[in-house]
Amino acid sequence: MGDLVELRDIRKTYHLGEVDLPVLKGVSLTIAPGELVTVMGASGSGKSTLMNILGCLDHPTSGEYWLEGVEISQYGPKARARLRNRTIGFVFQSFNLLPRTTALENVLMPLAYEREGLGEHQKRQRAEEMLGRVGLTDRIHHQPSQLSGGEQQRVAIARSLINRPKVLLADEPTGNLDSRTSEEILEMFERLNGEDGITIVLVTHDPGVARHARRTIRVKDGLIEVPGGGD
Amino acid sequence: MNLRGILKTALGALRRNVMRTLLTTLGIVIGVAAVITMMEIGNGATLAIQRTLTSIGANTLVVIPGAQNVGGINYGMGSMTTLTPHDAESIARECPAVANVAPIVRARTQVVYGNRNWVPTYIYGSTPSFLRVRDWTDLDEGESFTEHDVRNASKVCVVGKTIVRELFAGRSPVGKEIRVRNVAFKVVGVLSPKGANLMGLDQDDILLAPWTTIKYRVVATSLSGGNQSVTDTTNATEVNSLSQTYPNLSTSLYPVPSSNELADVPQPIRFANVDQILTNARSAADIPAAIREITEVLRENHHLRPAALSDFTVRDMTEITKAMSSTTELITKLLLYVAMISLVVGGVGIMNIMLVSVTERTREIGLRMAVGAEPNDILRQFLAEAVVLCLLGGLMGILTGRATSILVSRLLKWPTAPSLGAIAAAVAVSASVGVLFGFYPAFKGSRLDPIDALRYE
């Protein structure tokens, strides 16, 4: 089982009153370790739902989800919380930093829920190292309101890396940034992917962003378009 | 997450919005401050009430001699002559729970001034301590007799308002001489009015003189027999208008013991016996201790073997003590209920703000869940925030409450008494209010769906 992520016929149906609304209609895909994949699709195509399932925030109605060789589609909230803490990192479009909290504390936040029993000193060291890696060594005591959009997103990336996840899920990470900053952030993703071998799944609807990736998954109407079959 | 981590996170979250934190705790601050201020003012009021009740004699203990039983005939309570002034002195010296001791010698006879005469309800021979025991030291006029007068058996007395009315028609008696069984007493003071006692007897109808004077100059004859009342009436040989006015008083209730009988049951002869000893305990709480100490001292003084019955009785004012403790209890309960209400109001305030806080920080909750917080972590975090809020409020409340009660006692001159119990209770209650009212918002936060929470605007 060489794949890091494998989805087999994943379906997700929302029940809105008496109407069943199928959003994912049988998605199967694999992502190998060290890949940089972009997911593209129009709004309402189901890509957000797919990301939620990949990120263990939600469970599929049916189908199998193999993560690191373990079938986790029916895990309960507690087990999924643990997976999110250990294996998956999130980067959001709107950064989602805690206001009035320094960059360092923001980066440290996920470690409050780790269960390996790291010491205070170790945690701090690791957080500083992560902030160094995203190039913010001189900004560790700044609060989000004192940072630019690009810097805030870099803090968010440092936060997502603090638990040394296997997969980094980035949901439109450059959606709120200007093109020059976007470029920087995307380069950082490429570097993380290239140097550290972190698997990255990047959601976007900017074809320019998708060019950074070797592979692009297109979602349309709850299904994955066969590569080369569409446009 | 360990306790320190939880507290750190909670404090961090509270620090992020200092103004709101302060406003939220205000409810608890006011609640706890109110509890403490009220408890302290209440304690002060209780003390004041106790002091008032003490003045009607709640702490009074009366030591009376036992009953004499001669040839199967019981002469009733107080018929023995076992108490001595020495007993009174021992009690004063050796019983720490007793505040004041006054020996009492009673008499009942006619008092004459000029062309008026009167038989007071009480003619008491005692020491100046009597007025302290009865909390009666504020005289209307003149002053009390002294220990010196007691030692010298001086012919001085203080009188109550009723006697002033009956013998002096309301004019000042100080410096005048009245005759008690043909002994001339100089009036040195007039007692302040006290009214009737609980049984309806006029307490102002009193003539108070040194016990030595009453004992040796007025009722000296009564020493001859075991029972004052019997011998007083049967052996009334001197000129006593009473026995002639009411001849039936002279009928003997008891057979006069023959010389043989008296020889069979010898009475210990104590030339200086007193009729009773009046004492008061230092406080209502000291009453049982005082009774125990008095009993020990007197049994020792009277050389009673462990198995022997006491030849005296110590009486307390059960009725008044009961009234006092029920009043105190009522006040304490009343204050407690009022305090409870203010704390509940404070707690509801905390719940409101915590609910707002959970809604406002929905995205934060979503984020924390996304990076691996379990529902229980979220629950714990918000609960910790509520408890920290309440404890902070409790702390500030204690300071405010103490300050207020000090201010009240300084400015309004109300009596207050610091209450450690109130402080401990306030801290405990504010922590439990935090848990109680913090739980619902925390629970609500922990049940959020991370996807919805992350998307919440």
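Visitor: Chain B, then. What share of the residues of chain B count as buried?
Guide: Of its 457 residues, 42% count as buried. Buried means that 20 or more other C-beta atoms, placed from the backbone, lie within 10 Å of the residue's own.
Visitor: Where do these numbers come from?
Guide: From a predicted model, in which local features need pLDDT of at least 70, side-chain atom pairs count only at pLDDT 80 or more, and totals for chains, interfaces and linings use all residues. Residues are numbered from 1 along each chain as its sequence is written, while chains are lettered from A and ligands numbered from 1 in the order in which they are written.
Visitor: How many helices and strands are in chain B?
Guide: Chain B has 16 helices and 14 strands. Both are DSSP runs numbered from the N terminus: helices are H or I with at least four residues, strands are E with at least two.
Visitor: Which strands does β11(B) pair with?
Guide: Strand β11 of chain B covers residues 183–191 and runs antiparallel to β8 (residues 139–142), with three bridges between them. β11(B) also pairs with β9 (residues 156–159) of chain B, in the parallel sense over four bridges, and with β10 (residues 177–180) of chain B, antiparallel over four bridges. Two strands count as paired if DSSP finds at least two bridges between them.
Visitor: Which residue of β11(B) is the bridge partner of G142(B)?
Guide: That is G189(B). G189(B) is also the bridge partner of V158(B).
Visitor: And what does R181(B) do in the hairpin of β10(B) and β11(B)?
Guide: R181(B) takes a positive phi near 45° in that hairpin, which has two residues between the strands.
Visitor: Over to chain A. In what order do the strands of its open sheet come?
Guide: The six strands run β6-β7-β8-β3-β9-β10, with mixed pairing. β6 (88–91) and β10 (223–224) of chain A each have a single partner strand, so one side of each has no neighbour in the sheet. Strands β3 (residues 36–40) and β9 (residues 215–220) of chain A pair in the parallel sense over four bridges, and V37(A) has R215(A) as its bridge partner in β9(A).
Visitor: How many residues does each chain bring to the contact?
Guide: Chain A brings 19 residues and chain B brings 18. Residues are in contact if their C-beta atoms, placed from the backbone, lie within 7 Å. On chain A's side, helix α2 (residues 77–86) gives the most, with six residues.

Note on methods:
Contact = placed C-beta atoms within 7 Å. Buried ≥ 20, exposed ≤ 12 C-beta atoms within 10 Å, placed from the backbone.
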